[in-house]
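Please examine the sequence and the three-dimensional model shown below. The paragraphs that follow lead from a single residue to the overall fold and then to the aromatic side chains.

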Amino acid sequence: MYKILVVDDEVMIRKLIRKYAEFEKHEVSEASNGIEAVVMCRDNKYDIVIMDIMMPELDGFSACREIRKSSNVPIIMLSARGEEYDKINGFELGIDDYVVKPFSPRELMLRIDVILRRGKQNAQVNDVFETDGLKIDFTAHIVSANGKRLEMSPKEYDLLFYMVRNKNIALTRERLISDVWGYDFYGDDRTLDTHIKLLRKTLGEYSKHIVTVRGVGYRFEA
């Protein structure tokens with residue numbers, strides 16, 4: 001059972017998500033704007049937050065920014081717009097997934113389950129990978145370059161960890177999307193390219209290890 005916070009100014013959206021979440025035995029709390037969400041995340045511990053972007057008082061992006069100051073709780077962003085700018089902005093803020101309205105409640109529940117199960121699996125792995133000055137501690141969920149810790153979004157961690165565990169293997173775009181996102185992906189596959197771009201930016205000089213395999217996908221070389 002997961003403890004879920006649903007943040008949306010539309011009552012019907014909150015009711016819809018609550019209906020499906022409670023059917024799967026999850027505990028659901030609700031907030032109608034970003035300010036409520038920030039306060040509730042400070043006072044309570046949630047397994048995941050599902051949050052709309054366009055809301056009164058405080059929008060979803062601003063609320064996410066505030067929540068990230070004190071918590072790494074997984075966040076799925078909801079939006080009536082599927083614009084690439086919104087997606088990039090959200091991923092840079094550290095969200096785990098982006099869902100465009102109207103959405104399938106069943107698919108949303110599946111995404112929640114995949115995100116949380118993967119988080120538990122990563123926590124159970126007990127090893128460290130090092131190459132040059134890049135160090136990846138899978139157990140502590142820490143990536144550092146030349147002794148300096150790198151801040152990444154949860155999805156950047158997932159993508160990097162997966163590629164490192166499959167280092168020197170050419171990974172197809174389809175395999176990366178399927179194994180990292182963990183569900184049948186119906187959106188624009190540019191989402192993968194966006195995350196690769198953000199990951200390379202975060203890695204800086206170590207982005208050289210992520211190689212584009214033309215016509216196939218990507219490979220982590222070490």
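Aspartate 52 has a relative accessible area of 4% and is therefore buried (buried means under 20% relative accessible area, exposed over 50%, and partly exposed in between, with a 1.4 Å probe and protein chains only). The model is predicted: local features need pLDDT of at least 70 and side-chain atom pairs count only at pLDDT 80 or more, whereas totals for chains, interfaces and linings use all residues. Residues are numbered from 1 along each chain as its sequence is written, and side-chain values use heavy atoms, with hydrogens and water left out.

Aspartate 52 belongs to strand 3 (residues 48-52); helices (H or I, at least four residues) and strands (E, at least two) are DSSP runs numbered from the N terminus. Apart from neighbours within four places in sequence, aspartate 52 is in contact with Val7, Asp8, Asp9, Gly60, Met77, Leu78, Ser79 and Lys101, where contact means heavy atoms within 4.5 Å. With one of these residues, lysine 101, the side chain of aspartate 52 makes a polar contact, side chain to side chain, at 3.3 Å. A polar contact is a pair of N or O atoms within 3.5 Å; within protein, one must be able to donate a hydrogen and the other to accept it, and residues adjacent in sequence count only if both atoms are side-chain atoms. Valine 100 is 48 residues from aspartate 52 along the chain, and their C-alpha atoms are separated by 9.8 Å.

The protein chain as a whole contains eight helices and 12 strands. Its radius of gyration is 17 Å, close to the 17 Å that the globule rule gives for 222 residues, so the chain is as compact as a globular protein of that length. This radius is taken over C-alpha atoms, and the globule rule is 2.2 Å times the number of residues to the power 0.38. Of the 222 residues, 50% count as buried. Among contacts between residues at least 6 apart in sequence, 58% join residues at least 24 apart.

Helix 4 (residues 84-93) contributes Asp86, Lys87, Asn89, Gly90, Phe91 and Leu93 to the buried residues. Their cover includes helix 3 (60-67), strand 4 (75-79), strand 5 (97-100) and helix 8 (190-203). Just after helix 4, glycine 94 adopts a positive phi of about 105°.

How many aromatic pairs does a search of the whole structure find? The search finds three; rings of Phe, Tyr and Trp (its six-membered ring) pair if their centres lie within 6.5 Å, and planes under 30 degrees apart count as stacked, over 60 as edge-to-face and the rest as tilted. The rings of phenylalanine 129 and phenylalanine 220 have centres 6.0 Å apart and planes at 75°, so this pair is edge-to-face. Because phenylalanine 129 lies in strand 6 (residues 128-131) and phenylalanine 220 in strand 12 (residues 217-220), the pair ties together parts that are 91 residues apart in sequence. Both phenylalanine 129 and phenylalanine 220 are buried.

Tyrosine 157 and phenylalanine 161 form a tilted pair, with 5.8 Å from centre to centre and 55° between the planes. They are four residues apart in helix 6 (residues 154-165), so about one helical turn separates them. Tyrosine 157 counts as buried at 7% relative accessibility, as does phenylalanine 161 at 2%. Ring pairs link Phe138, Tyr157 and Phe161 into a cluster. Over the face of phenylalanine 138 lies arginine 165, at 3.7 Å from the ring centre; a charge sits over a ring if NZ of Lys or CZ of Arg is within 6 Å of the ring centre and within 35 degrees of the ring normal.
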